[in-house]
Amino acid sequence: MSINTISRLENHPLKEHTTLKIGGPADELYIPEKTADILALGGETTIIGKGSNLLVSSKGVRGKVILTGGLKNHEFPCDTRLKVESGLKSVTVAKILLEKRLSGLEFLIGIPGSIGGAITMNSSAHGQAIEHVIESAEVIDLKTNKIHTLSRDELELSYRNSFVEKNRHFILSAVFNLKKDEYKNIAEKMDFHVDYRKRCHPPLTEPSAGSTFRNPEEGVYVGCLFEELGAKSWKEGGAAVSEKHCNFIINAGNAASIDVSRLMHRMHRRVREEFGYDLIAEIRYVGSPTQEEEEIWSQFTVR
Ligand SMILES: Cc1cc2nc3c(=O)[nH]c(=O)nc-3n(C[C@H](O)[C@H](O)[C@H](O)COP(=O)(O)OP(=O)(O)OC[C@H]3O[C@@H](n4cnc5c(N)ncnc54)[C@H](O)[C@@H]3O)c2cc1C
């Protein structure tokens, strides 16, 4: 199979492709535009959408890395169903749906990732979630290099968790089932999301990867636990807890992955000591960890 619509870069720094602005070089970085390109690459690959949920190792990533941003087509198979390729930005999906007067994914207006990343993480905000409106996804099983369609149930979407991530599948595209609504109603919901983020989250000019840890149980907000612990002043190297939201870690200036990892270690340890919760990371670590990073991350990663 020939690779004809794919860009290939060697030793390319990944920090340009993450919202935290951290990450060493990828040995081989590919930006495919067609399914055939991905099949031709075959096998073990690291997948990065917009890198908005990732801490990428400052030592980089060995082997092949795929950036999904070249997969960005969409179509409407019928009035209320959207089929979209995985690399399209979530914000763009939200804007397309507003123009089409389709409701159900308004929250994507505030999420700086790709739709493939949103499905993998089962992204959500203020009661809306990918799992409520997704119908199916077309995927490549990276172990067999075969294409399958997974139904909503088969995607096993739960709180920042999915079958796709646990079982090494590449999402090519997905179909969403949406509801017709008035432009004004959809725009109002989007304004709510944008306004909430302006008030409560650090601005996008402060590099972060969103929420660092999952909430430990329903109704318990991990940001509030950190706030009670006085985490706002905590720093490790170039990484700092956000002044605006204590569950966000900011790259406050040339932070390395070890700085973020050490800060997460401290946050995790202090919550366990004070509140007894064994927090689970929402951010994903990608690449070649140092031994210290490996030890730290083994404490709060669940696969
Ligand atoms: C400021 C800020 C605010 C945020 N707010 C929210 C929020 O309100 N709600 C929320 O849920 N999240 C939020 N996030 C987190 C993040 O934006 C979402 O999880 C987003 O959907 C991830 O998309 P991505 O393309 O950046 O994925 P990445 O970070 O690139 O990847 C995340 C995971 O998905 C996998 N992946 C990506 N694309 C594919 C694909 N095509 N096939 C298979 N696997 C894939 C990656 O391998 C990785 O495991 C926020 C992040 C930031 C920086």
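Helix 2 (residues 90–99) has S90, V93, A94 and L97 as its buried residues. A residue is buried if 20 or more other C-beta atoms lie within 10 Å of its own, exposed if 12 or fewer, and partly exposed in between, with C-beta atoms placed from the backbone. The four named residues lie on the same side of helix 2, because they cover an arc of only 100 degrees around the axis. That arc is taken from the directions from the helix axis to the C-beta atoms. An α-helix has 3.6 residues a turn, so residues three or four places apart point the same way.

The buried residues of helix 2 pack against strand 7 (81–85), strand 8 (102–103), helix 3 and helix 7 (183–200). Contact here requires C-beta atoms, placed from the backbone, within 7 Å. R101 follows helix 2 and has a positive phi, near 60 degrees.

## Model and domains

This is a predicted model: local features need pLDDT of at least 70, side-chain atom pairs count only at pLDDT 80 or more, and totals for chains, interfaces and linings use all residues. Residues are numbered from 1 along each chain as its sequence is written. Helices (H or I, at least four residues) and strands (E, at least two) are DSSP runs, numbered from the N terminus.

The chain divides into domain 1 (6–70), domain 2 (74–187) and domain 3 (203–298). These bounds come from an automatic or database domain assignment. Between the C-alpha centres of domain 2 and domain 3 the separation is 27 Å.

## Ligand shell

The ligand is surrounded by 32 residues. G49, G113, G116, G117 and G210 are the closest. A residue is near a molecule or strand if its C-beta atom, placed from the backbone, lies within 6 Å of it.

Helix 3 (115–120) supplies at least two shell residues, as do strand 3 (46–48), strand 9 (124–125), helix 6 (163–166), strand 13 and strand 15 (208–211). The most comes from helix 3, with 4 residues. The shell holds 12 nonpolar, 17 polar and 3 charged residues. Ala, Val, Leu, Ile, Met, Phe, Trp, Tyr, Cys and Pro count as nonpolar, Asp, Glu, Lys and Arg as charged, and the others, Gly among them, as polar.

## Strand pairing

Strand 11 (residues 134–141) pairs antiparallel with strand 13 (residues 169–177) over 7 bridges. Two strands pair if DSSP finds at least two bridges between them. V139 stands opposite I171 in strand 13. Strand 11 also pairs antiparallel with strand 12 (residues 146–151), over 6 bridges. There, I140 has I147 as its bridge partner. Strands 11 and 12 form a hairpin with 4 residues between them. In its turn, N145 has a positive phi of about 60 degrees.

An open sheet of 4 strands runs in the order 15-18-17-16, with antiparallel pairing. Strand 15 and strand 16 (235–236) are the edges, each pairing on one side only. Strand 16 is joined to strand 17 (residues 239–241) by 2 antiparallel bridges. K235 has A240 in strand 17 as its bridge partner.

## Individual residues

Most residues other than glycine have a negative phi. E156, not a glycine, has a positive phi of about 45 degrees. E156 lies in the loop between helix 5 (152–155) and helix 6. E156 counts as partly exposed because it has 16 C-beta neighbours inside 10 Å. N254, also not a glycine, has a positive phi of about 50 degrees. N254 sits in the loop between strand 18 (248–251) and helix 9 (257–275). N254 is exposed, with 11 other C-beta atoms within 10 Å.

Conventions
Two residues are in contact if their C-beta atoms, placed from the backbone, lie within 7 Å.
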